[in-house]
Each structure stands twice: as C-alpha cells, then as structure tokens.
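Let's take a walk through one part of this structure together. Have the sequence and the 3D view ready, and follow along strand by strand.

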Amino acid sequence: QVQLVESGGGLVQPGGSLRLSCAVSRITIRFYTMDWYRQTRGKQRELVASSTPGGTTTYADFGQGRFTISRDNAKNTVYLQMNTLKPEDTDVYYCYHRGIGAWGQGTQVTVSS
C-alpha cells in the first residue's frame, strides 16, 4: 500500500521556521511531480508549492520568497522549508503525489504567539 507520511509540523511563533517532510513508500517520487497543499477546515485545499522531476519549482504567491520545496529522490522524500511564518500560514499541510493521485494524512502547522 502506497503511503505518504508528513511530519515536522507544530507550534511556532510568528517569524519562525518549520521544515516539513513527506516520506513516500512503495512508489518512487523520482519521475513525478510532488506537491504541498494546505487546508483550513471548511475551506478548499490550496496549492502551496510544486516540484517537478526536472527540478522546476513553483510557489503560490503567499509562499514566494518564504517557502522552499525540495526533494531527495534517494530517500524518496519531499520537503517544505517554511520561513518567516505568519499566523495566516496556520493550516494542515498535505503532501500529494501527482503520479497516482495519493495524499498524505497531513501535518498541523500553527503559527501563534
């Protein structure tokens, strides 16, 4: 069974940083675009960042200059480095494997003083 397991979320003060990880098992990420999404309860999930197999990365406007998506194909893991966090970044963050349309269970990020 394919698994995507996110980790690294938590409580952080405004201006702080977090690094999220998404460990994928039973399917490679090497040949597929991987995404990070976020969602507040009752709202649609919104795309945060994408990483293509060729190395292209794209970001939502709110993440430009603050968030960095990266991948380690050898570890089959995708990362999201989030800096200068704001209270409005509080959400559940999800990893998405575009190749098979699979989601992780999400990790909660809370930005609060």
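Start at Asn-76, which sits in the loop between β7 (67–72) and β8 (77–82). Keep in mind as you look that this is a predicted model. The two strands around this loop form a hairpin, with four residues between them. Asn-76 has a positive phi of about 55 degrees, although it is not a glycine. That is worth a second look, because most residues other than glycine have a negative phi. Is Asn-76 buried or exposed? With a relative accessible area of 13%, Asn-76 counts as buried, because the cut-off for that label is under 20%.

Now move along into β8 itself. On one side, β7 and β8 pair in the antiparallel sense over six bridges, and within this pairing Phe-67 stands opposite Met-82 of β8. Strand β3 (residues 18–25) also pairs with β8, again antiparallel and over six bridges. Here Leu-18 is the residue that stands opposite Met-82. How many of the six residues of β8 are buried? Five of them are, so β8 is largely enclosed by the rest of the structure.

Finally, follow the chain out of β8 to Thr-84, which lies in the loop between β8 and β9 (91–97). Thr-84 is not a glycine either, yet its phi is positive, at about 45 degrees.

Key. Residues are numbered from 1 along each chain as its sequence is written. This is a predicted model: local features need pLDDT of at least 70, side-chain atom pairs count only at pLDDT 80 or more; totals for chains, interfaces and linings use all residues. Side-chain values use heavy atoms; hydrogens and water are left out. Buried means under 20% relative accessible area, exposed over 50%, partly exposed in between (1.4 Å probe, protein chains only). Two strands pair if DSSP finds at least two bridges between them.
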